[in-house]
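Biologist: I would like to learn how to read a structure like this. Please take me through it feature by feature.

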Amino acid sequence: MLLLSTTFTYAQRKITGTVTTENSQPASGATVSITGTQVATQTDVSGIFSINVPQDKNTLTITYVGYEPQTVNVTNQTSIDITLKSSNAALEQVVVVGYGTQKRSDVTGAIGSVSAKQIEDEPVVQVGQALQGKVAGLQISQNSGTPGSPLLIRVRGTGTVNNASPLYVVDGNPSSDALDLAPDQIESIQVLKSASAAAIYGAQGANGVILITTKQGRAGKTQTDVNFSQGWQMPIRHYPVANATEYAILYNEGLVNAGQAPLFPDPQSLGEGTDWQKEIFRVAPMTDLSVSIRGGSETSKFYFSTGYVKQEGIVKGSSFDRINLRINSSHNLSSAIRVGQNLSLSMANYELLPEFNRGSILDQALVANPGVPLKMPDGNWGYVASSLSSTNPAAAIHYNHNDTKRPVANGNVYADVTLLKDFVFRSQFNFNMGYSSNTIFLPTFRISTRSYRDIASLTEMTNRFTDYAWSNTLTYQKSIGDHSFDLLGGTTVQESHFQSITATGAGLPLSATDDPNLRDLNLATQGNSVAGGSGEWGILSFLGRVNYNYKGKYFTTVNFRADGSSRFGANNKFGYFPSFSVGWKISQESFLKGAEWMNNLMLRGGWGSLGNQGSLPNYAFTGTVTPFVNYTFGEAQAVANGQAPTGVGNPDLKWEATKETNLGLDFTGFGNKVTASLDWYNKKTTDVLLQVPLAGYSGIEQFPYVNGGSVLNKGLEFMLGYTNKTAGGLDYSFSGNIAYNSNKVLALSNAGGAIFTRIRFQGLVGVTQVGSPIASFYGWKTDGIFQNQADISKSAFQSAGTAPGDWKFVDLNNDGVINALDQTIIGDPWPKFTYGFNSSFAYKGFDLKLTLQGVYGNEIFFASKYHLESTSYHNYDRFILENRWTGPGTSNIAPRMNASDPNVNMRSSDFYVKDGSYLRVKNIQLGYKVPQSLVHIRSLKVYASIANALTFTKYPGFDPEIGTNRENNPFYVGIDESNYPVARTYTIGFNMGF
């Protein structure tokens, strides 16, 4: 044994050296491997490395991101210095384009790309949050700051009144949900924006496609990475409301102006009262831990990752946590056969609060009487017996029990078989299965005679889903002289099944309030009910693509896809979606060969047609009949039990069709330091699916769908980036993007020619009608405040009780009366411009990242003002306190206080419509890579960041980032009903590599 050990020791030699870039800067983190083996090391922050090389090995291979790989001979050497040359990485980068890949510089469609490096270490729980501000034309808004809340995502505007969310495809799986994916497992993201780029997805690509590639194994030494971060979230601002004394003054004033007696004899004695926002908000922790292992050989590679994220909400009683496990591997069974799998398991838990409507926790906190104490002297929840507003928001949180569990298994298995050298057959089976289980327990309690619940109830809802997709494609790649071909043909089949069950029971034991073990439907004694539903749909598809280029100058891509869906009747079962795009790489022409400052200049153009499978529910093509319906017949009025038609189908339904023309220009120059991209598009959606109401006496509950709408989106997108490395060792980069989009409804064939949006109290607040954007705000226009009776007398009649201090509404039709005919478009929820700015700096181990993101030109309907500025018994905001009308000349921007409001001042009007533009410092991050010589491991980076550090806006509410509601209603956009705001997050963390 001693002899073997000695022989082994002397059979190796130690090689040391330094790796630098062509501008003499150390290549920190470069990989130095013994060629043909898995033995490797990495350079430290000074570019220095050390590696033991067997005597029979004489070459080392050095790789470094952004530079050309280099192999050096080390025969009879113990010390070497290597200088790396910059590669054309921006041009040679390979991007995923759907059922294949292409060189980035050869892409003729409009695609946005985001790498793992651009989103690493950001304190987010879902990928969409990290994409904000990074892709031109991609609008992302958080529907809510609730932990785990979904996002409103639109690619190049909204083209339909139905589902307008993009398709997510993860590792080729079209049935994935981004909520189940851990961001740190992502390698790259491609956003297919134009129809010519997304057409290969046919019936599912009309709203854009987001392709996500997760991390894979790598040949070489096995590497382990541990990432940990700890964050602290806090509200960005508190909304200014009246204190107890001010509340009493305003309440009394409203009563007196209405001819009633004041309620509070001594408002000053009430003092400040309770700050309800302080009682419900908190500093909330956020913890994220992940461990990943990757490695393998040239024939077998693996990637394993597991992680846990726990996010408490800034509003007490809300939280989200998720456990993730991912195993990706690939194996070359022979030179012609490769198999692999991408498997993901996740378990998410949500603790939810009521939101998006009147009575949500945040709404309660704003309008609650500040004179109500948090707790009574005896320790019970506080109340005021004489107050009409005796809501206690802290108690509401305490008695709220709304929990959801969501386990999901997602992934695929695949095989690649190389046939006759140039043909590759790929078969991939995808799956997505799991369920969502929601439990709502309403306990018994008694706070006061106005606030109590005597009967406990329990509701349990379970939604199960199972999705399968199987794709089989054959690819042919060949270069013949100056001609290069990449041909793809294949078929896919996809099925989706769901089942829902809801069970409710009441009369649970009183002790169930404090004992979760007694919250069981078996213990319910009354009100038992069960309901459920199920459904399924499927798509059979045939697809093909031709990529051709001549001399690397002239490019053509042609796509065709035929989709047959079970959601459509026999008359129009299949939809056909062609596309083409062309490109001219001008930089390769002889007349520009001498332009050394130009690395790439590509002129692009394309046209494509897409469909929207998600625009129609299951079985809309056929009528429905409901059993067990009672009806009376004859003079005796005898009751008979039978069946009745309750839904009308339409077998002639056609696919929503989106046709888009795109023109673009890509530029890279000045030694690959400058990149730029410009796109113009015109996207028209026709045959939009609408429901047509029928007469009530028909007994039809499910109205039939028809193809009857048309929507136009058109716009411009621009991106500019700059990257450089100075002789002094500073690496820096800047990139900015801006996009303009115009949205207009061209046609609607439903009854009345408009689709209205209603919310509680204000009534009609939105409309979708021809000539205006989807989900425009709707109401009356105001023209200031009546200052005296003479002003009222010469204006259109509003109401018998109109008096000085009331709103003066505009008589649009000049008929002398203010009524429903004077309602009109009063605002647009869609931004005219979305933009982002990203920058990074690196110097001697330190790095700094900055991300800005914003929107311009949109408006928000601030619905919360109805209660905060009306003259009801709810609390008031400081705007009405400081700006209300109290006499002639005192105000022209806020009405008088009047408890009866005879003029209906708080009807839907432009008084609610506010500028929603904002610029947000999305993330600031400072990091430091500890020298390898100090830690004796592969790598160690520590960092600190601030997310949502600053927001510049004129919007007076909690937060200007307003999406839609939890149901993702396409008409409920930009409406703020005291929405849960996003938080500012302070984070510290480290990344450790072994």
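Biologist: Which residue forms a salt bridge with Asp-180?

Modeller: First, the general idea. Side chains of opposite charge can pair when their charged atoms come close. A salt bridge is a side-chain nitrogen of Lys or Arg within 4 Å of a carboxyl oxygen of Asp or Glu. Here the partner of Asp-180 is Arg-406, with the closest N and O atoms 2.9 Å apart. Asp-180 lies in the loop between β13 (167-170) and β14 (186-192), and Arg-406 in strand β21 (residues 401-419), so the pair ties together parts 226 residues apart in sequence. Helices (H or I, at least four residues) and strands (E, at least two) are DSSP runs, numbered from the N terminus.

Biologist: Before we go on, what kind of model is this?

Modeller: It is a predicted model; local features need pLDDT of at least 70, side-chain atom pairs count only at pLDDT 80 or more, and totals for chains, interfaces and linings use all residues. Residues are numbered from 1 along each chain as its sequence is written, and side-chain values use heavy atoms, with hydrogens and water left out.

Biologist: What is the average pLDDT of the protein?

Modeller: pLDDT is the predictor's confidence in each residue, from 0 to 100. The protein averages 90, and 96% of the residues score at least 70.

Biologist: Where does pLDDT stay under 50?

Modeller: Over residues 1-10. The model has 1 contact beyond four places in sequence for that stretch. Contact means heavy atoms within 4.5 Å. Where pLDDT is low, the predicted coordinates should not be read in detail.

Biologist: Back to the first pair. Is Asp-180 buried or exposed?

Modeller: Buried means under 20% relative accessible area, exposed over 50%, partly exposed in between (1.4 Å probe, protein chains only). Asp-180 has 7%, so Asp-180 is buried. Arg-406 is buried too, at 13%.

Biologist: How many salt bridges does this rule give?

Modeller: The count comes to 33. One of them joins Lys-849 and Glu-120, with the closest N and O atoms 3.4 Å apart. Lys-849 is in strand β44 (residues 846-856), while Glu-120 is in the loop between α3 (116-119) and α4 (127-131), 729 residues away. Lys-849 is buried at 18% relative accessibility. Glu-120 is partly exposed at 32%.

Biologist: What about Asp-454 and Arg-446?

Modeller: Their side chains meet in a salt bridge, 3.0 Å from N to O. Asp-454 is partly exposed at 48% relative accessibility. Arg-446 is exposed at 51%.

Biologist: Which residues are linked in a network of salt bridges?

Modeller: Arg-156, Lys-193, Glu-660 and Glu-717.

Biologist: Now the nonpolar core. Which residues touch the most other members?

Modeller: A nonpolar core is a set of buried Ala, Val, Leu, Ile, Met, Phe, Trp, Tyr and Cys residues joined through side-chain atoms within 4.5 Å. The largest one has 30 residues, and Ile-280, Ile-314, Val-315 and Leu-362 touch the most other members. Helices α7 (276-280), α8 (361-367) and α9 (393-398) each give two or more residues to this core. α8 gives the most, with 5 residues.

Biologist: What is Leu-362 in contact with?

Modeller: Leaving aside neighbours within four places in sequence, its contacts include Ile-280, Phe-281, Val-315 and Phe-958. A second, separate core has 21 residues, among them Val-114, Leu-138, Ile-153 and Val-170.

Biologist: How many aromatic pairs are found?

Modeller: Rings of Phe, Tyr and Trp (its six-membered ring) pair if their centres lie within 6.5 Å; planes under 30 degrees apart count as stacked, over 60 as edge-to-face and the rest as tilted. A search of the whole structure finds 37 pairs. Phe-667 and Phe-670 are edge-to-face, 6.5 Å centre to centre with 70° between the planes. Tyr-740 and Phe-833 have ring centres 5.4 Å apart and planes at 50°, so that pair is tilted. Tyr-740 lies in strand β36 (residues 730-748) and Phe-833 in strand β43 (residues 833-843), so the pair ties together parts 93 residues apart in sequence.

Biologist: Which residues form one aromatic cluster?

Modeller: Tyr-239, Phe-281, Phe-862, Tyr-955 and Phe-958.
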